[in-house]
Amino acid sequence: MDGRPRYMISVAAELVGMHPQTLRMYEQKGLVRPQRTAGNTRLYSEADLERLRLIQRLTTELGLNLAGVEAVLGLEEQLQRMQARMERLESEMRDAIQQVHKQYRRELVLYDPTRLPTPRWTSTS
């Protein structure tokens, strides 16, 4: 998903089929965070548009109110963070297992009964 801001509010609203005022309200509620230019113009990215489409599906198809949408989006973000953490931990675990296996190979001594030293008994047996 492209995160580069490119669409002004009027274009973004038209692309997602919403009124610009709706986009302003979603921004005010923290559901979407468009970037701003130096002149304070809102610029929406493809990722922002996809998020707006998701909000639209949640409100129209599932009948959620904005509080419900906020909860769903928060849970989705938490899930993404947890998935990223899990992938990072799995990678660290694989690396640690590889290190243990390398250590085993260094410490491994092959058993060859023909190369054993003969015991020397010094006792009176």
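The protein exposes about 10000 Å² of surface, and carbon and sulfur atoms supply 53% of that area. Accessible areas here come from the Shrake-Rupley method with a 1.4 Å probe, and for residues only the protein chains shown count as cover. This is a predicted model, in which local features need a pLDDT of at least 70 and side-chain atom pairs count only at pLDDT 80 or more, while totals for chains, interfaces and linings use all residues. Residues are numbered from 1 along each chain as its sequence is written, and side-chain values use heavy atoms, with hydrogens and water left out.

Let me turn to the overall architecture. The secondary structure comprises four helices and three strands, and from the N terminus on the elements run β-α-α-β-β-α-α. The radius of gyration is 31 Å, well over the 14 Å that the globule rule gives for 125 residues, so the protein is more spread out than a compact globule. Helices (H or I, at least four residues) and strands (E, at least two) are DSSP runs, numbered from the N terminus. The radius of gyration is taken over C-alpha atoms, and the globule rule is 2.2 Å times the number of residues to the power 0.38. Along the principal axes, the C-alpha atoms fill a box of roughly 105 × 35 × 20 Å.

Of the 125 residues, 21% are buried. Buried means under 20% relative accessible area, exposed means over 50%, and partly exposed lies in between, with a 1.4 Å probe and protein chains only. Among contacts with a separation of 6 or more, 54% are between residues 24 or more positions apart; a contact means heavy atoms within 4.5 Å.

I come now to the charged residues. How many salt bridges does a search of the whole structure find? The search finds four, a salt bridge being a side-chain nitrogen of Lys or Arg within 4 Å of a carboxyl oxygen of Asp or Glu. Glu 27, Arg 36 and Arg 42 are linked in a network of such bridges. Between Arg 36 and Glu 27, the closest N and O atoms are 3.0 Å apart. Arg 36 is partly exposed, with a relative accessible area of 36%, whereas Glu 27 is buried, at 19%. Glu 27 also forms a salt bridge with Arg 42, where the closest N and O atoms are 2.4 Å apart. Glu 27 lies in helix H2 (residues 20–28) and Arg 42 in strand E3, so this pair ties together parts that are 15 residues apart in sequence.

Strand E3, where Arg 42 is placed, covers residues 42–44. Leaving aside neighbours within four places in sequence, Arg 42 is in contact with several residues, including Tyr 7, Met 8, Ile 9, Arg 24 and Pro 34.

A further salt bridge joins the side chains of Arg 53 and Glu 50, at 3.7 Å from N to O. Both residues lie in helix H3 (residues 46–60), three residues apart, which is about one turn of the helix. Arg 53 is partly exposed at 26% relative accessibility, and Glu 50 is partly exposed at 31%.

Helix H3 also holds Leu 52. Is Leu 52 buried or exposed? At 0% relative accessibility, Leu 52 counts as buried. Not counting residues up to four places away in sequence, Leu 52 touches Val 16, Met 18, Leu 23, Tyr 26, Val 32 and Tyr 44. Leu 52 and Ala 12 are 40 residues apart in sequence and 9.3 Å apart in space, C-alpha to C-alpha.

Helix H2 contains Pro 20, which is partly exposed at 22% relative accessibility. With residues up to four places away in sequence not counted, Pro 20 touches Ile 9 and Ala 13.

On the surface, Met 8, Val 11 and Leu 15 form a nonpolar patch with about 250 Å² of accessible area together. Patches are made of residues with over 30% relative accessible area and no salt bridge; like charges are joined within 9 Å, and nonpolar side chains (Val, Leu, Ile, Met, Phe, Trp, Tyr) within 5 Å. Met 8 belongs to strand E1 (residues 7–8) and is partly exposed at 46% relative accessibility.

Finally, a point of backbone geometry. Most residues other than glycine have a negative phi. Asn 40 has a positive phi of about 70° although it is not a glycine, and its place is in the loop between strand E2 (35–36) and E3.
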